[in-house]
Amino acid sequence: MSDAPPAATLPAPGPFLKWAGGKTGLLKQLREYFPPPGAYQRYVEPFLGGGAVFFALKPPAARLADVNADLIGTWTVVRDRVEELIEALRHHRNDRDHFNAMREQDPTALDPIAAAARFIYLNRTCYNGLYRVNRAGKFNSPFGSYKNPRICQADTLRAASTVLQNVELVVGDFEATTADLGKGDFVYFDPPYVPTSATANFTDYAETGFDHADQRRLADLFQI
């Protein structure tokens with residue numbers, strides 16, 4: 001039997017992951033450019049990340065997508081199996097040796113619950129919450145310096161799960177995940193930024209990266 005509290009007592013839904021480039025702090029400015037509620041039938045976000053805009057809008061229908069399969073797998077578990085995920089997260093601890101052991105695990109060899117718990121644990125305890133992978137797709141951020149990170153945010157996860165019911169979650173490139181869209185769809189593109197310098201060059205959210213050619217493809221798609 002679940003020990004989840006009634007939905008009415010949960011906090012407002014919001015991001016359960018830290019994500020470089022997340023828009024929580026810019027929501028007030030961004031809202032000026034969004035269509036009003038009722039002006040669109042479905043919200044579509046092809047570069048999901050932490051999903052701050054989705055949680056702020058709480059659209060009645062949505063497609064959330066990303067090329068990062070581990071990320072979408074984690075969102076799917078939050079949607080479908082949140083209580084099992086919460087229980088799995090409670091077994092993790094903020095310890096360097098434990099972190100390194102989890103980082104070395106192959107998520108494809110884990111069941112979905114364990115893989116999602118690993119993803120959230122690494123995100124909450126790694127350096128600056130920076131999700132980063134190498135060209136082999138292996139998570140390679142180092143252990144962070146947090147004294148008491150919130151590894152298991154049970155009610156935050158439950159609140160997220162409530163608004164994810166009936167939401168479509170898709171793994172795929174932005175072109176593929178927007179190919180069938182049309183009238184009534186509101187699409188929010190938030191890709192990795194164009195690097196401003198050699199030292200401000202972070203696009204390693206997935207092993208494929210996001211280079212100038214990808215930026216060009218996105219610009220061409222946006223103009224259609």
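Contact here means heavy atoms within 4.5 Å. Helices (H or I, at least four residues) and strands (E, at least two) are DSSP runs, numbered from the N terminus. This is a predicted model, in which local features need pLDDT of at least 70 and side-chain atom pairs count only at pLDDT 80 or more, while totals for chains, interfaces and linings use all residues. Residues are numbered from 1 along each chain as its sequence is written, and side-chain values use heavy atoms, with hydrogens and water left out.

I start with helix α6, residues 112–125. From first C-alpha to last, the 14 residues of α6 reach 20 Å, close to the expected 20 Å; the expected span is 1.5 Å times one less than the number of residues.

How many of the 14 residues of α6 are buried? Twelve are, where buried means under 20% relative accessible area, exposed over 50%, and partly exposed in between (1.4 Å probe, protein chains only). Among them are I113, F119, Y121 and R124. The cover over the buried residues of α6 includes α3 (69–80), α4 (82–89), α5 (96–104) and α7 (154–164).

At its N-terminal end, α6 is capped by D111, with a side-chain oxygen 2.9 Å from the backbone nitrogen of I113.

Next, R158, which sits in helix α7. R158 counts as buried because its relative accessibility is 7%. Its side chain makes a polar contact with the side chain of E83, at 2.7 Å. A polar contact is a pair of N or O atoms within 3.5 Å; within protein, one must be able to donate a hydrogen and the other to accept it, and residues adjacent in sequence count only if both atoms are side-chain atoms.

Now the salt bridges. Side chains of opposite charge can pair when their charged atoms come close. A salt bridge is a side-chain nitrogen of Lys or Arg within 4 Å of a carboxyl oxygen of Asp or Glu, and the structure holds 15.

One of them joins E168 and R63, 3.0 Å from N to O. This pair links distant parts of the chain: E168 is in strand β3 (residues 168–171) and R63 in strand β2 (residues 62–66), 105 residues apart. E168 is partly exposed at 33%, whereas R63 is buried at 8%. Both belong to a network of salt bridges that also links R42, D180 and D185.

Another salt bridge pairs D80 with R79, at 2.7 Å from N to O. D80 is partly exposed at 45%, and R79 is buried at 19%.
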